[in-house]
Structures are given as C-alpha cells and as structure tokens.
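Dear colleague,

Here is the structure for you to look through. My notes on what was found in it follow below.

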Amino acid sequence: MEDRTLRSILHLDMNSYFATVEQQANPYLRGRPVGIIKAEGRGCVIAASVEAKKFGVGTGSTVWEAKKKCPGIVFVPSDMEKYFSQTEKMIKIVTAFSPIVEVFSIDEVFLDVTDSRRVFAGGELQMVLEMKEQIRQQLGEWVKCSVGVSFNKITAKLASGMQKPDGLVFLTPENYLQETEKIKTEEVCGIGRSRTKYLENIGVTTLGQARKIPNLPEEIRKLVWLEGEASLQTIEELEPAKSVSRTYTTYRELNSKQAVLRLVRNLVEEAASKLREMGLGGRTVCLILTTSLRESSFWARKTIKNPTGDPQIIFDLLWREYEKKPLPGVRFAGVGISNLTENCQLPIVDSRQKLLGAVDKVNDRFGLFTLYPAELLGGELIRPEVTGFLGDKWYRFGGRAQTK
Ligand SMILES: [Mg+2]
C-alpha cells in the first residue's frame, strides 16, 4: 500500500444509544440501569444503558433474566422516532465536517475526511473534538459517542469500539497490527457467529492468535489482518428500495386456518403500512409458509396491473392462492411486496383511500396497530422488529427525503 493513496476514515458510534437518548430525555433515568424493550411489558431487552450493562444485561436478555441480574432495572418501551430524530441531528452535524458520509446504522456513521481534515490546523484530532462538542451541545450532555480514526472502514470501526464511552482512538498503518493483537476476533465487523465458532474450534479467540494461523480461508484471513475498503456508500448513492418484506417464526405450529389467516393478515398489514409510509406501491406480492424443519412449504407469487399499498387487496390476492392448497403445521411465514413504484395512484374507491389515510394518521401518531382490521381481534399482535439497522435508509435519507 502506498502512503499517499491512504484515506482518512472516521467511524463515529453513539454509546448505548437508545438507552442514553431516553436518559437524556428523562433525567429520572440518568445514572440508573435502563433496559429498552420493544413494547410495554414484554419480550427482550433490545438495548441496555451503561449502568445495566455492568450487571450483565445486554441486547437479547429477556425481561425476566434482566430483572434477576439487575433488580433495580427500569424498562422503557422503545421510541424509534425519538431516536431517529436525534440521529438526523447527528448526521447534520457530521456532514458539516465532510460531505462524504455513509450512514451505517441508526447510531453509526463513517466519514471520509481525507480532504476536509486539512481545514483544521489540528487535523483529525481537532476535528473530532469539535464534532463531539457540537454533538454534546445539540443532542445533550448525557449523549456520548466514540470515534475511531484510521485508513479503512474495518480499522476505523474497530478503533471506535476500543474506548467507551466518549472514546477517541487512532489506528495508523504503523500501530494497527500491534494495537489490535489482543482484541477478540468477534469484535471485527464481518466476523459473525459462524466465523467466530470456526476460529474457536481451532483454538483461536484473539486477532493476534488468528494471525499466526497459516492457510486461513481467504475471507477470514482478510478480516483478521484488517484488510478492508476505504470507499463509502454515501447518502447520494443509496438505491431505492426494491421490495418490502416481513417474516415471522411462530412459537408453535399453527394448525387452524384461522390462525394462519391472522398471521398472514398481520404481516401484510405491517408490510403495506411501511410501503405507504415510504410513499410507494407494489405490483408483485408473494407469500411463503413453511412447517417446522421446513419439511413442507407453500409458495405463491402474484403480479397485478396497478401498484397498490392497500393491505386488503394484497391479502385477498395471497389468501385466494392459499385457499387452493392450505398448509397445516405452519411455523414460518414471509410476505413480500416488490415491483415498487413511486407516486402510485391507489386503484380503489375514494372512501377506501380516505379510510387508509385516516388509519395511517392515527397509527403514525399513536403507534402501528392502534387501529387494525377486525380479523386480528382477540389474539396477540405481531409488532415490527425494533433494530437500528435502518433497512429503509433510502427512504429516510435518499431520494424520498430530498424531494420531501
Ligand atoms: Mg452504538
């Protein structure tokens, strides 16, 4: 690698983001162990505050486990729009430091500051300190971030994880191999669960150990030697969504037709509402159902002439197919809508359009499934997954956001 081709990449990661934003918004929560949960009263912790992490509570802990480990924990239902509005502020701040920004997730961004760092007499160091100060001023004193500065994305991301909270770590071509010797392989973005298992099986847990192993599979070798890209996928380059889908694995087999109908209707309702939120309509709809162990399955795909975001139309299309060859023992369902178009005119009567508009307004304000079809009455509702993955980046930052 020739030195003058090196880029300067910065990775900024908000610390314990969802929990910290809640603590910022509500001083009562500050300094207390907080667990963010999907909705009131149930499920898993999707994010934990610094205080809760000290008790061993983390993402994926059940509410029951979390209470056992940390009796004083306060559970707070997630409020994605609140977190996202803070993210928008953060992105606005960092964009002023460099226009080359990749939004990696709701609380992480990459910046290419190779050119813009020259504006700062103190280079990246001064730049990051000013950035942190602006984040503190605009997002609040409780909200902290860690920053990694390096020459590619994989090393920058690793660097930001090396000091928390409120960290600032530089990994340079001179120091990065030595500085990362003792880091656990799973900390590297790209070494997931199965690669970690593979490495554990050959007695490797740290990057230093892994680098001593000859003949590692090429993809793993690259990751443990931290060979990565420096090019960012900027907001301008985001591609429009190609499909909207929703899947669900049930806890037990669904044998009654009524139970399958409820599940499919629930997923269609959620996918269609997302589609309408994005201002899109779809022409192709598909449904996949499988039994446990996937020994048998149902699959249907239908394409219609006019794009739609109406759950009733989508559901009727899919259900008609299902009725032809019903499948007992369903354990998994997936609904997908593709062939998406912007500015679609809903080919439905005016009163239906008004109804959907009113439902969206209410659900937008009070939460999805505040209003829902009567078919879903009397059972438990499946609500959207809450993650910081931002699968709808294009809609949030790309084409749609710019024309809004
Ligand atoms: Mg984070």
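Helix H4 passes helix H5 in a right-handed crossing. Please bear in mind that this is a predicted model, so the values below are all computed from it.

H4 and its two partners

H4 covers residues 80-95 and H5 covers residues 123-139. The two pack at an angle of about 150°, and their axes are 10 Å apart. Angles over 145 degrees count as roughly antiparallel, and that makes H4 roughly antiparallel to H5. On the H4 side the residues that meet H5 are Gln86, Lys89, Met90, Ile93 and Val94. H5 brings Met131, Gln134, Ile135, Gln138 and Leu139 to the contact. Sorted by class, the contact of H4 with H5 has six nonpolar residues, three polar and one charged.

H4 also packs against H1, at an angle of about 90° and with the axes 10 Å apart. H1 is therefore roughly perpendicular to H4. The contact is made by Tyr17, Phe18, Val21 and Ala25 of H1 with Lys82, Tyr83 and Gln86 of H4. Five of these residues are nonpolar, one is polar and one is charged.

Ser16 has a positive phi of about 40°, although it is not a glycine. Is Ser16 buried or exposed? Ser16 has 23 other C-beta atoms within 10 Å, so it counts as buried.

The H11 and H12 pair

Helix H11 (residues 257-277) and helix H12 (residues 311-324) pack at an angle of about 140°, with 9 Å between their axes. H11 and H12 are therefore oblique to each other. Their crossing is right-handed. From H11 the contact takes in Leu261, Val264, Arg265, Val268, Glu269 and Ala272, and from H12 it takes in Pro311, Ile314, Phe315, Leu318 and Trp319. By class, the residues of this contact are nine nonpolar, no polar and two charged.

Ile313 is also found in H12. With 19 other C-beta atoms within 10 Å, Ile313 is partly exposed, because a residue needs 20 or more to count as buried. Ile313 and Pro328 are 15 residues apart along the chain, and their C-alpha atoms are separated by 24 Å.

Ser243 is found in strand E9. Which residues is Ser243 in contact with, leaving aside its neighbours within four places in sequence? They are Gly336, Ile337, Ser338 and Leu340. Ser243 and Ser338 are 95 residues apart in sequence, but their C-alpha atoms are 4.3 Å apart in space. Ser243 has 15 C-beta neighbours inside 10 Å and so counts as partly exposed.

The loop between helix H10 (218-224) and strand E9 (243-254) holds Leu226. Phi of Leu226 is near 55°, which is a positive value in a residue other than glycine. Leu226 has 21 C-beta neighbours inside 10 Å and therefore counts as buried.

A cis peptide bond

The peptide bond from Lys164 to Pro165 is cis, and its omega is near -15°. Pro165 lies in the loop between helix H6 (153-160) and strand E8 (168-170).

The chain as a whole

The secondary structure of the protein chain comes to 15 helices and 12 strands. For 404 residues the globule rule gives a radius of gyration of 22 Å, and the value for this chain is 24 Å, close to that figure, so the chain is as compact as a globular protein of that length. Along the principal axes, the C-alpha atoms fill a box of roughly 65 × 50 × 50 Å. Of the 404 residues, 34% count as buried. Taking contacts between residues at least 6 apart in sequence, 64% join residues at least 24 apart.

Regards

Methods: Residues numbered from 1 in each chain as written. Predicted model: local features only at pLDDT ≥ 70, side-chain atom pairs only at ≥ 80, totals over all residues. Helix = DSSP H or I, 4+ residues; strand = E, 2+ residues; numbered from the N terminus. Rg over C-alpha atoms; globule rule 2.2 N^0.38 Å. Buried ≥ 20, exposed ≤ 12 C-beta atoms within 10 Å, placed from the backbone. Contact = placed C-beta atoms within 7 Å. Axes fitted to C-alpha atoms, helices over the stretch in contact; angles between N-to-C directions. Parallel < 35°, antiparallel > 145°, perpendicular 65-115°, else oblique. Left-handed = near helix turned anticlockwise from the far one by under 90°. Nonpolar A, V, L, I, M, F, W, Y, C, P; charged D, E, K, R; others polar.
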